[in-house]
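Please look through the structure below with its packing, its aromatic rings and its backbone in mind. The paragraphs after it take these topics in turn.

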Amino acid sequence: MPRVAFVRYTGSAEAAGAMLTFASMAGATPRTRAKKTLDRVVSKAGLGSRSEARRWIVARRVEVNGRVVTSPEHWIDLESDRVGLDGELLRTVSKVYVLLHKPKGYLTTYRDPQGRRTVYDLLPQRDRFLFPVGRLDLDTSGLLVMTNDSSFAETLTNPEFKVAKTYLVKASRHLTDDELEQLRAGVTLRDGKTRPAVVTRLPQRGGKTLFEITITEGRNRQVRRMVEALGAKVLKLVRVAIGGVRVGDLAAGAMRPLLAGEVRRLVSLR
C-alpha cells in the first residue's frame, strides 16, 4: 500500500472550516490504492466523532470532488479524491489529547435535550471537535480523556486491548473479604461474567466499604452493577486512572493536556 501524506493544519477547526487533502508519496496501481469510507475520512480529519461525521454527510454538508455525497459508506480514494465540508476543503488538524477531571453531575455528551450540564461546558469555547473517550455516567466523576484522534480513542475503548481502568468505590455497606474476592474472580451480570479484576480494600469507617478496583472492560455501568450483584449500592464512584495515567490532584472541573509520554504510554497498550 502506498504511503499517504496528510497536509498538517494547526489552526482552529472552526475558523478553517475543516479541510482535508491527500497527496500520494509513491506510485500506485488501482489494486493498491488506499481507500476508506467517507465517514471515516471526515472523522479522521480530527473534527469530530464518526457518528457526527455521518450526520454531517446525511445533512448534505459534505462534498467529494465538488459533488454532494449523502452516503457515509461512499468509498474515498485517498490519493485522488478531494473531500470538502461546508464548501471548504478538509485538511487534518493537529491531534489534541486532554485529561479532564469530570465532576459529578455532568454528562459526557455534547448537548442534552433536558438542558443538563455536559463536559463541553467545561471546555474553552465548547470545543466540539474534541470527543470523550468512553463514557462516565452522570453520577460518576474522575478521569476523562478527550481527543480528536479516533484511532487513539479506539485503543482505549476496544475491550480487545484490555486497557486497565481504575476506580475508587464507596459501597453502601461493609463488604466481606469473600465478597471482594468475588469481584476479583468475576461476577455474573445479565450480559455475562466479568473478567478478573484487581481489588484493594482501603481504610474506611462507619460501616461502609472503600476500595479501588481495576477492570479491563468497559460495559455500561459495569462497576456499579458488579457491586449491586453483591447486594450493595455504590455511594461514590471516581475513575482515578486509565492505563497507568492518573488524574492525581487535578481539581474537579479542571483539565490539562496529556503529556507526550502519557500519550505514548497509552498508544503502546494496543
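The model is a predicted one, in which local features need pLDDT of at least 70 and side-chain atom pairs count only at pLDDT 80 or more, while totals for chains, interfaces and linings use all residues. Residues are numbered from 1 along each chain as its sequence is written, and side-chain values use heavy atoms, with hydrogens and water left out.

Asn65 sits in the loop between β5 (62–64) and β6 (67–68), where helices (H or I, at least four residues) and strands (E, at least two) are DSSP runs numbered from the N terminus. Most residues other than glycine have a negative phi. Asn65, although not a glycine, has a positive phi of about 55°. Lys162 is another non-glycine residue with a positive phi, near 55°, and its place is in the loop between α4 (150–157) and β14 (165–171). With a relative accessible area of 52%, Lys162 is exposed.

Turning to the interior, a nonpolar core is a set of buried Ala, Val, Leu, Ile, Met, Phe, Trp, Tyr and Cys residues joined through side-chain atoms within 4.5 Å. The largest such core has 50 residues, of which Val169, Phe211, Ile213 and Leu258 touch the most other members. A second, separate core is made of 17 residues, including Leu38, Val41, Val42 and Val69. Beyond its neighbours within four places in sequence, Phe211 is in contact (heavy atoms within 4.5 Å) with several residues, among them Tyr167, Val169, Leu183, Arg201 and Val227.

A search of the whole structure finds two aromatic pairs, a pair being rings of Phe, Tyr and Trp (its six-membered ring) with centres within 6.5 Å, called stacked with planes under 30 degrees apart, edge-to-face over 60 and tilted for the rest. Tyr97 and Phe152 form an edge-to-face pair, at 4.8 Å centre to centre and 70° between the planes. Since Tyr97 lies in strand β11 (residues 97–102) and Phe152 in helix α4, the pair ties together parts that are 55 residues apart in sequence. Both Tyr97 and Phe152 are buried.

The rings of Tyr110 and Tyr120 have centres 4.8 Å apart and planes at 75°, so this pair is edge-to-face. Tyr110 is buried, with a relative accessible area of 16%, and Tyr120, at 3% relative accessibility, also counts as buried.

Methods
Buried means under 20% relative accessible area, exposed over 50%, partly exposed in between (1.4 Å probe, protein chains only).
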